[in-house]
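Trainee: I have a model open and would like to learn how to read it. Could we start with how helices meet?

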Amino acid sequence: MDSSIILSFKNKLFRDGIKRILECESEFRVISASDQIEEIKQYLYLKNNIVLMELIKPELNNLNKIKEITNRFSIAKVIVLAAEFDKYQVDYALKHGVQGYLLGEVSKESLIDSVKTVSRGNTYFDPKIAYDILRDYRKLDNDNRILSVERNMEYRKPLHLFTVRECEVLQLLAEGANNRKMANTLGISDKTVKNHVSSILSKMGVSDRTQAVLVAIKSGWVVIH
């Protein structure tokens, strides 16, 4: 099913740049809008719509915009593109049901991947955000024995599940590398990287890279610097 991508950015030049990137994908219908909520609302009746919006600190009206969209238009999916990591903004966005959260240094490839992932009903979070979510999850766990084990868990390659190369790809995923960077680092082609990622997701039984990284971090399969 084609997706309607509603772009909500204050800066028209930046908005047009994002639009050109997404329009390369035939399955996307890209709609350029301003950062005004009233303009966004007129498009939220569209089926399978995704709002890709900026989050600039300290503009609180953008946080209120997230709340209004998710509360009033339950069919809308929201992906946030934030200029920088901010704990309060992340918590607020997650509390109000955003499906994706990207940081300013996101690559073109990851941007497209995030929209495709969210359009399929899954979530997509920058690895830094995913690690923060996992860290909070651990804090909520009151079982001291489990916490003690997790704190002292040593990094171990999951060779019982993956090949050596797949372990290398999984580590690079946790570091936030895109396909091109992984290919350059490992000296392999982009296509081979995609094949390794698909194999990793299949073996882990997860649907996207964010979930794979979360499981890998929790299991002690990757090193987080």
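Mentor: Asn 179, Arg 180, Met 182 and Ala 183 in H9 meet Asp 190, Val 193, Lys 194 and Val 197 in H10. By class, that contact of H9 with H10 has four nonpolar, one polar and three charged residues. Keep in mind that this is a predicted model.

Trainee: At what angle do the axes of H9 and H10 cross?

Mentor: They cross at roughly 105°, and the axes come within 9 Å. Angles of 65 to 115 degrees count as roughly perpendicular. H9 and H10 are therefore roughly perpendicular to each other.

Trainee: Now the next pair. How do H10 and H11 pack?

Mentor: Helix H10 covers residues 190–204 and helix H11 covers residues 209–219. Their axes lie 10 Å apart, at an angle of about 60°. That makes H10 oblique to H11. The crossing of H10 and H11 is left-handed.

Trainee: Which residues of H10 and H11 meet?

Mentor: H10 brings Val 197, Leu 201 and Met 204. H11 brings Arg 209, Ala 212, Val 215 and Ala 216. Sort the residues of this H10 and H11 contact by class: six are nonpolar, none is polar and one is charged.

Trainee: Let us step back. How many helices and strands does the chain have?

Mentor: The chain has 11 helices and six strands. Next, look at burial: buried residues make up 49% of the 225 residues. The chain exposes about 11,800 Å², and carbon and sulfur atoms supply 51% of that area.

Trainee: How do I read contacts along the sequence?

Mentor: Ask how far apart the partners sit in sequence. Here, take the contacts with a separation of 6 or more: residues 24 or more positions apart account for 65% of them.

Trainee: Now single residues. Is Asn 122 buried or exposed?

Mentor: Compare its relative accessibility with the cut-off: buried means under 20%. At 18%, Asn 122 counts as buried. Asn 122 is in the loop between helix H5 (108–119) and strand E6 (124–125). Beyond its neighbours within four places in sequence, Asn 122 contacts Gln 99, Thr 117, Ser 207 and Asp 208. From Asn 122 to Gln 99, the C-alpha to C-alpha distance is 7.2 Å, and the two are 23 residues apart in sequence.

Trainee: What about Gly 121: buried or exposed?

Mentor: Gly 121 is exposed, with a relative accessible area of 56%. Gly 121 is also found in the loop between H5 and E6. Its C-alpha atom is separated by 8.4 Å from that of Gln 99, 22 residues apart along the chain.

Trainee: Where is Asp 126 found?

Mentor: In the loop between E6 and helix H6 (127–140). Asp 126 is buried, with a relative accessible area of 14%. Leaving aside neighbours within four places in sequence, Asp 126 is in contact with Tyr 101, Leu 102 and Leu 103. Asp 126 and Ala 174 are 48 residues apart in sequence, and their C-alpha atoms are 9.5 Å apart in space.

Trainee: One last case. Which residues does Lys 19 contact, leaving aside its neighbours within four places in sequence?

Mentor: Lys 19 is in contact with Leu 7, Val 30 and Ser 32. Lys 19 lies in helix H1 (residues 12–22). At 22% relative accessibility, Lys 19 counts as partly exposed. The C-alpha atoms of Lys 19 and Ile 31 are separated by 7.8 Å, and the two residues are 12 residues apart along the chain.

Notes
Residues are numbered from 1 along each chain as its sequence is written. This is a predicted model: local features need pLDDT of at least 70, side-chain atom pairs count only at pLDDT 80 or more; totals for chains, interfaces and linings use all residues. Side-chain values use heavy atoms; hydrogens and water are left out. Helices (H or I, at least four residues) and strands (E, at least two) are DSSP runs, numbered from the N terminus. Buried means under 20% relative accessible area, exposed over 50%, partly exposed in between (1.4 Å probe, protein chains only). Contact means heavy atoms within 4.5 Å. Accessible areas come from the Shrake-Rupley method with a 1.4 Å probe; for residues, only the protein chains shown count as cover. Axes are lines fitted to C-alpha atoms, for helices over the stretch in contact, and angles run from 0 to 180 degrees between N-to-C directions. Angles under 35 degrees count as roughly parallel, over 145 as roughly antiparallel, 65 to 115 as roughly perpendicular and the rest as oblique. A crossing is left-handed if the near helix is turned anticlockwise from the far one by less than a right angle, and right-handed if clockwise. Ala, Val, Leu, Ile, Met, Phe, Trp, Tyr, Cys and Pro count as nonpolar, Asp, Glu, Lys and Arg as charged, and the others, Gly among them, as polar.
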